[in-house]
Amino acid sequence: MKHFISPKDVHSVPEMVKEGLAQKAHPYANQALGRNKTLCLLFFNSSLRTRLSTQKAGMNLGMNVIVMNVGADSWQLEFEDGVVMSGSKAEHIREAAAVIGQYADIVGVRAFAGLSDRNEDYKELVMQSFRDLAGVPIVNLESATRHPCQSLADLITIEEYKKKEKPKVVLTWAPHIKPLPQAVGNSFAEWLNLTDYEFVITNPEAYDLAPEFVGSATVTRDQEEAFEGADFIYAKNWSSYERYGQVIRGHENWIIDEKKMALTNAAKFMHCLPVRRGLIVEDAVIDSPSSIVIPQAGNRVWSVQAALKKILEAL
Ligand code: SN0
């Protein structure tokens, strides 16, 4: 595998899930693969799980890992070509990415959507620039429109907890006070569409995800109907794609509570975290035995370790 930016980079999704579970069973079996190789992780935004799990995965594979908060610790980077750099941005991505590529064998990048210009965000300028200019493989640690490390961990988690061959998986929008990116929802939908599970997305009007990510999923505005018979409830907030980046008030009742969970087939509750209690989900649900958010976060190590292993094998 050359890069891990979207599922298009992956040969086979079931094979990646299997690889993740193999890494979990034998975390240190491939230490020779990463020996004397450097993994450089670049964060344009905050992180807890992605930062720690990717560092750990790199170390499990015998790699040396270096981490930088871009902007805060480095120069502010300019991504537009042909501009006179007379503002606050001191370095162009053309030099920065190429230089980072001199120090690293694999580069991980986190750069969220700006949420003001839909065309700009969906062009994926930051991730594409690193891909085009660094000269080494790139791992997407959440870009403007995707979060593949999260989605692969989600599929690994569903594989572990499913009680039937084709579970009913529901992605439900949930309320938030801030405009959040669509990346986690987009990616979850994109990866779920590559499985043969029954997949339903439920969200209020004006919160439909981009059609390219919704794909063949069933979409309903009726959250309770969606919950009926569900085996997995995956909650996530995202801001509007249609009214780009906006939070449209009045959907506070989309919170995941015990009453709605009772409609399901004893569904497991999932969320990528961080989660705002009392807003997205009631304490009684996230603290119940049906909540698998902690093992789900634990699986973040194995998803990125599977991706790093595949990339190291192809170096
Ligand atoms: C990010 C998001 O894309 O939704 C990262 C999720 C893995 N989440 C947030 O930015 C949450 C911020 C908040 O204030 O709740």
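1. Let me start at Arg221: this residue is partly exposed, at 39% relative accessible area. For the burial words, buried is under 20% relative accessible area, exposed is over 50%, and partly exposed is in between (1.4 Å probe, protein chains only). Arg221 forms a salt bridge with Asp208, with 2.9 Å between the closest N and O atoms. The pair links distant parts of the chain, 13 residues apart: Asp208 sits in the loop between strand S8 (198–202) and helix H9 (211–214), and Arg221 in the loop between strand S9 (218–220) and H10. Asp208 is partly exposed too, at 26% relative accessibility. A salt bridge here is a side-chain nitrogen of Lys or Arg within 4 Å of a carboxyl oxygen of Asp or Glu. Helices (H or I, at least four residues) and strands (E, at least two) are DSSP runs, numbered from the N terminus.

2. Before going on, a word on the model. It is predicted: local features need pLDDT of at least 70 and side-chain atom pairs count only at pLDDT 80 or more, while totals for chains, interfaces and linings use all residues. Residues are numbered from 1 along each chain as its sequence is written, and side-chain values use heavy atoms, with hydrogens and water left out.

3. Back to the salt bridges, of which the structure holds 16. One of them joins Glu142 to Arg110, the closest N and O atoms being 3.6 Å apart. Here, too, distant parts of the chain are linked, 32 residues apart: Arg110 is in strand S5 (residues 106–110), and Glu142 is in the loop between strand S6 (138–140) and helix H7 (148–161). Glu142 is buried at 7%, and Arg110 is buried at 6%.

4. Lys164 and Asp231 also meet in a salt bridge, at 2.7 Å from N to O. This pair spans 67 residues, with Lys164 in the loop between H7 and strand S7 (168–173) and Asp231 in the loop between H10 and S10. Lys164 counts as partly exposed at 39%, whereas Asp231 counts as buried at 11%. There is also a network of salt bridges linking Glu15, Glu19, Lys309, Lys310 and Glu313.

5. Now the surface. Asp222, Glu224, Glu225 and Glu228 form a negative patch; Glu228 lies in the loop between helix H10 (223–227) and strand S10 (232–236) and is partly exposed at 47%. A nonpolar patch is made by Ile66, Val99 and Tyr103, with about 290 Å² of accessible area together. Tyr103 belongs to helix H4 (residues 93–103) and is exposed at 57%. Patch residues have over 30% relative accessible area and no salt bridge, with like charges joined within 9 Å and nonpolar side chains (Val, Leu, Ile, Met, Phe, Trp, Tyr) within 5 Å. Areas come from the Shrake-Rupley method with a 1.4 Å probe.

6. The backbone deserves a look. Leu273 and Pro274 are joined by a cis peptide bond, omega about 5°, and Leu273 has a positive phi of about 65° although it is not a glycine. Pro274 lies in the loop between strand S11 (268–270) and helix H12 (283–286), and Leu273 is buried at 15%. Glu124, in the loop between helix H5 (118–123) and H6, has a positive phi near 55° and counts as buried at 9%. Most residues other than glycine have a negative phi, and most peptide bonds are trans.

Technical notes. Lys and Arg count as positive and Asp and Glu as negative; His and the chain ends are not counted. The place of a charge is taken as NZ of Lys, CZ of Arg, CG of Asp or CD of Glu.
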